[in-house]
Amino acid sequence: MVTGDRDLVGRGPVWVFSGYGSQWTGMGRQLLLEEPAFAAAVGKLDAQVADVFDFSLQEHLASAGDLDRLDVAQPVLFGVQLALAEMWRSYGVEPVAVIGHSLGEVAAAVCAGALDVADAARIVAVRARLLGRLQGGAMAVVDLEDGELATLERDFPGVQVAVHTSPRQKVVTGDEMAVARLVRGLEERGRAARAMRVVGAGHSPQVDPLLPELVEALADVRGRSPRIPVYSTVLDEPRGASEFDAEYWAANLRRPVRLDRALAAAAADGHTAFMEISPHPVLTRAVADNVPGALTVGTLRRDAAGSAAFLAELGTLYAAGLDLPLPSGRVIDLPAPRWRHVRYWWTDGRTPVAATATQGWAEPTPAPVPEDPVATRVSHHIATVTGHPAARITSTTTLTDLGLDSLMAVRIRTALEGDFGVTLHLRELFEATTVAELADRVGRLINSAHPPLFLFHAAGGTTDVYHALAQHLGADRPVHGLDRIDDARTVSEKARRYAEEIIAACPNGPYLLAGWSFGGFVAQETARQLTASGREVALVVLIDAVRPLPRPDRVRTHLTGFARHIADTFGVQLALPYDELVAMDDDRERIDLVLRILREAVQVPSAALEHQRASYLDLRIGEAHRPGRYDGRVVLYRATEPAPHTVRDPAYERDDDGLGWDEVCSRLTVVPVAGHHLSLLDPPYVDEIAAHLRRVLASPGGPAEPD
């Protein structure tokens, strides 16, 4: 819990980006699993910077890769800082200004709009590569007053100030022996001093030979005017205009970091809140020393690196007065208390009383609650208006038995229209004899105004992945999830079974069918079968469902790719009998043998094994399916970025816009979405898909054209 009773945020937070030193092995790994916006940002960055860095940012974070090499650690830290910034933004937190400390100034410039990500990645990569050449030299964090700097170089020749952190703290750099002597001298006097684990002496004359090459390599980098103020830690005047070109980044590498001046300038301009964008807070003392009384908030810590810790920091900002947007969702009426209405007679023991209720705290058996969600909500509104306990209103309850009169009918109609977004005439309410009949009338109105959307599971998964999409479509859109049927061996058989379920749930139609990945195959085939039976399908939505290209030896390709994934993840070489596996006719026997060998080699949770099995079987079913022609409306949301799959499969790496569906779907509209396959159902991409889909569903003549 965090609390606050006054405004400490003022005009808004200043984002402070730390330099090299806040990184730690494993940073970001937990957020990839817990924070969709962070994961989406990492995936998007990966596609933009992988060629520059020569490694995958996403894979490095997911595997908690080593950070021993400077040309890996600094790019990873840069990527994490940008992803953390996007995570803050996903919760509605925006900076009013930025400050960057050494390496952190690159990420700060990107967040201020002064640099493109591609140029910033080049700056970081070139900078790290050149610094990696340095040998000898050292750096240390020491408690030194500004007044002591005049005697520093006299008493410790070869030592310079690399970072003016605050009036009482500095980072020094220079000759290794001289820096060590300064640290010992301060420790002997009881002063704080700590040697840093770095190679070379940054921000010192040692980097001078590197500067011409840096300027040449970045000669075509051009910054632009930032959207928000950037308080420079390079320039003598922090508010000075910065070009953010090669010469500026050379000065960033060579000159001492004037963090103290940048913080002081921000404070003088009225800023009172500072957020450190880093995987571990290293500048909180600097902020406190330079801006006494300011609000200082971190993002993550080494010992608290998950979503819960981050949300505590977000709560601190909110409690300190920062306005935040309401979270996604809708406000609902909670059910009223369920009164038991059981009387218990009291007696003093002298006058016998015939009790009219069961002695003791025996709870009456509640009446069955309707399972249909529409009927449940109708019953709730009737109970709220009439005052009867909800548990006693069943689907067979007669409305007149509840004392229904004209006033109650108007109130019930108002509640139902507000909840379901339909227009209900009073005569329809009076003509309904029972609760079930009224719920059926409401259900027909819902389907007429807002046809239900049926969502098909992806390979090996459940329909839980569509939770965000369903929420973004609005409370007035009925949504049904169709989860996996294990004993259906073909897409056609799955579609037949699902079509039966769809008709049973909504006999009249029209129907909207949608599916992500493998779910798109089932949605298209179900639409074909429903249409063939005379049912109306209004729209089929395919969310990056990729028809695989024909390739020989598919089984061996799958298995060798899976074995490589296990080797990369667990460091174990699976001894798979490939010839025997390829010769098997039954996919279930094949995957069961592979997973049995995997269980003997590695400890893997049973749930993960079951998911692998189900995914493989659905994948094989999808590859065996040959979609038939369908002439109804189809919208394909196509990811425009390559996916960071753990098992790469060239058969699914298509470059045609229609992903093969234009061959069988005559009315196909392709809508590009700037994400990758695995990110489309997460923010911010799912917001874009839902917004476009709402426009499509509102268009009577056909799918809306992509913006």
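Predicted model: local features only at pLDDT ≥ 70, side-chain atom pairs only at ≥ 80, totals over all residues.
Met87 belongs to helix α4. What does Met87 touch, once we leave aside its neighbours within four places in sequence? The partners are Leu31, Glu35, Ala37, Phe38, Thr299 and Phe310. Take Ala37 from that list: 50 residues separate Ala37 and Met87 along the chain, and yet their C-alpha atoms are 5.3 Å apart.

Now let's stay with α4 and look at how it meets another helix. The partner is α5, residues 104-111, and the two axes come within 9 Å, crossing at roughly 35°. The crossing of α4 past α5 is right-handed. On the α4 side, the contact is made by Phe78, Gln81, Leu82, Ala85 and Arg89, while α5 brings in Gly104, Val106, Ala107, Val110 and Cys111. Sorted by class, you get 7 nonpolar, 2 polar and 1 charged residues in this contact.

On to the sheets. One of them is open and antiparallel, with 4 strands in the order β4-β5-β3-β6. The edges are β4 and β6, and each of these pairs on one side only. From one strand to the next, the twist averages 20°. If you'd like a detail to click on, β3, residues 138-142, pairs with β6 over 3 bridges in the antiparallel sense, and Ala140 has Ala195 in β6 as its bridge partner. Helix α8, residues 176-188, packs on this sheet, where it touches β3, β4, β5 and β6, and its direction makes about 20° with that of β3.

Is Thr165 buried or exposed? Its relative accessibility is 5%, so Thr165 counts as buried, the cut-off being under 20%. Beyond residues up to four places away in sequence, Thr165 touches Lys170, Val171, Leu259, Asp260, Ala286 and Asn290.

The other sheet I want to show you is parallel and open, with 6 strands ordered β11-β10-β12-β13-β14-β15. Why is one side of β11 and of β15 left without a neighbour in the sheet? Because these two strands stand at the edges, and each has a single partner strand. Direction ignored, neighbouring strands here are turned by 20° against each other on average. Strand β10, residues 453-456, runs parallel to β11 and is joined to it by 4 bridges; Leu455 stands opposite Gly481 in β11. Helix α25, residues 685-697, packs on this sheet, touching β12, β13, β14 and β15, and its direction makes about 155° with that of β14.

Conventions. Residues numbered from 1 in each chain as written. Heavy atoms only, no water. Buried < 20%, exposed > 50% of the residue type's maximum accessible area, 1.4 Å probe, protein only. Contact = heavy atoms within 4.5 Å. Axes fitted to C-alpha atoms, helices over the stretch in contact; angles between N-to-C directions. Left-handed = near helix turned anticlockwise from the far one by under 90°. Nonpolar A, V, L, I, M, F, W, Y, C, P; charged D, E, K, R; others polar. Pairing = 2+ DSSP bridges.
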